Amino acid sequence: MQTDFRKRTLSLLLWTGLCGCPAAAQQPRSALPDTPQAIPSASTADTRPADSLLRKPAVEIGKGIAYRSPGGKFSLTMRLRMQDLVAVSLNRSFGLDEIEARIKRLQVRFDGYVYSPKLTYSVQLGFTGHAANARSNANIIHDAILYYRPAPAWSFGIGQAKIQASRAKITSSGLLQFVDRSIVSREFSADRDFGFFIRFDLPRDHGFTFTAKSSVTLGEGRNWGTSTNGGLVYTRRVELYPFGRFKEKGESSEGDLAHEEQVKILVAGAYSYNHKAVRTHGQRGDLLPDGASRSFGSWYADFLLKYRGFSFCTDFMGRICSDPVFDDEARTWIYAGWGFNVQAGYVIRRKWEVALRSSMLFPRSAVQSRAGYERRSQTTAAVSRYIAGHALKVQADITYNHRSHASTSDYSRWLFAFQLEIGI
């Protein structure tokens, strides 16, 4: 039944976008990195007659299908994205551990405004278990948020979206240099949640500028619904741009495909406090046993540099919890500790990129027995072929994993991954 429902839903979405929505041309850069793209007026976007624009939908890879009502009271941009993954895991003797072959992500996104360009919305649906953080794909709602922008510098949102904490998580999975995020990001990054979001962008494109983000959210993650213990999550993030903002929203993507002519730098820090969390990772993970809750803080520090095809970034993050271990049969625990990630890449003629990443995790002594190691490291080398930027690309990774003082040697050491991504 779920399969038939998903097929009918996806067919309806595609039919609506391709056949029922006349389109207007669209600018490639959005007003805000995490808000919908603005739909330009017919006078600035295209010189053809308005009735011609309404008759012929404009579809472009990576820019979606755009529609704007004749009265200018409504706009819609629909995007579709798919990732196909094939991966092979090997043990220390190069024996086969696992073969993974699946549709990693299949997502549809809708952005636009209602009544006024100051009132924008963003909806994103995912149709695979990986995207839903579950074995089934019944939990299809990723984002569903409404923003009010009274002035270009301010944005106020209510709904479900990513918590703006770490650069590694803010960056979309479709804009990565590697097949997947680092082990550090997967362990410590905050996830999507429902709540209130505020953003301020200093209105300056050149020279020093900054962005401040803040949110108060429920704390239990996507589509949770209710909180019975009164715990909430409070998050603050500040981003500094010493030499001005990046081209083409480069602060929200990995790799320098825009080929910055001047050095651009992002320095950022964030802190997120989860009061009375009931899951091991806050917005995701297993439920704590016997209705227990724990309060913990997560901290983040980011650095990003791009210049003429070269990119370098490093992320530090960690979690602080005073009582992370539970005495239960499931051996539940909260990962208290810290980690860092360093990666660099170089884009060749805006078509090929070679990249290298090194990540390390350091659990606190109190949880090392549960983690099964004192230190975990992961080194990844990647080659990417950009056919149409991040919207159409092929990526190949080779990864080596190592755990010092591991409780068992029975874990995968090598991972070979191949991924194809296409988006409209």
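**View 1. At 30% relative accessibility, Y400 is partly exposed.** Here, buried means under 20% relative accessible area and exposed means over 50%, with partly exposed in between (1.4 Å probe, protein chains only). W414 also counts as partly exposed, since its relative accessible area is 24%. This is a predicted model, where local features need pLDDT of at least 70, side-chain atom pairs count only at pLDDT 80 or more, and totals for chains, interfaces and linings use all residues. Residues are numbered from 1 along each chain as its sequence is written, and side-chain values use heavy atoms, leaving out hydrogens and water.

**View 2. Zooming out, the protein chain has six helices and 18 strands.** These are DSSP runs numbered from the N terminus: helices are H or I with at least four residues, strands are E with at least two. Of its 424 residues, 51% count as buried. Among contacts (heavy atoms within 4.5 Å) with a separation of 6 or more, 62% come from residues 24 or more positions apart.

**View 3. Now for the rings: the count of aromatic pairs comes to 15.** Rings of Phe, Tyr and Trp (its six-membered ring) pair if their centres lie within 6.5 Å; planes under 30 degrees apart are stacked, over 60 edge-to-face, and the rest tilted. W338 and F362 are stacked, because their ring centres are 4.7 Å apart and their planes sit at 15°. W338 belongs to strand β14 and F362 to strand β15 (residues 352-363), so this pair ties together parts 24 residues apart in sequence. Both partners peek out a bit: W338 is partly exposed at 34% relative accessible area, and F362 is partly exposed at 21%. Back to Y400 and W414: their ring centres are 4.9 Å apart with planes at 55°, so that pair is tilted. Y400 sits in strand β17 (residues 392-404) and W414 in strand β18 (residues 414-423), which puts the partners 14 residues apart. Elsewhere, ring pairs join W154, F156, F200 and F210 into a cluster.

**View 4. Two rings have a charge sitting over them: Y115, with K73, and F296, with R319.** A charge counts here if NZ of Lys or CZ of Arg is within 6 Å of the ring centre and within 35 degrees of the ring normal. The charged end of K73 is 4.6 Å from the centre of the Y115 ring. For R319, the distance to the ring centre of F296 is 5.6 Å.

**View 5. The largest nonpolar core holds 14 residues.** Such a core is a set of buried Ala, Val, Leu, Ile, Met, Phe, Trp, Tyr and Cys residues joined through side-chain atoms within 4.5 Å. V184, F188, Y300 and L361 have the most contacts inside it. Beyond neighbours within four places in sequence, F188 has contacts including Y300, M317, W338 and L361. A second, separate core has eleven residues, among them L106, Y121, L125 and I140.

View 6. With a relative accessible area of 2%, N341 counts as buried. Its side chain makes a polar contact with the side chain of Q343 at 3.1 Å. (A polar contact is a pair of N or O atoms within 3.5 Å; within protein, one must be able to donate a hydrogen and the other to accept it, and residues adjacent in sequence count only if both atoms are side-chain atoms.) Setting aside residues up to four places away in sequence, N341 also touches several others, including V184, C313, D315 and R357.
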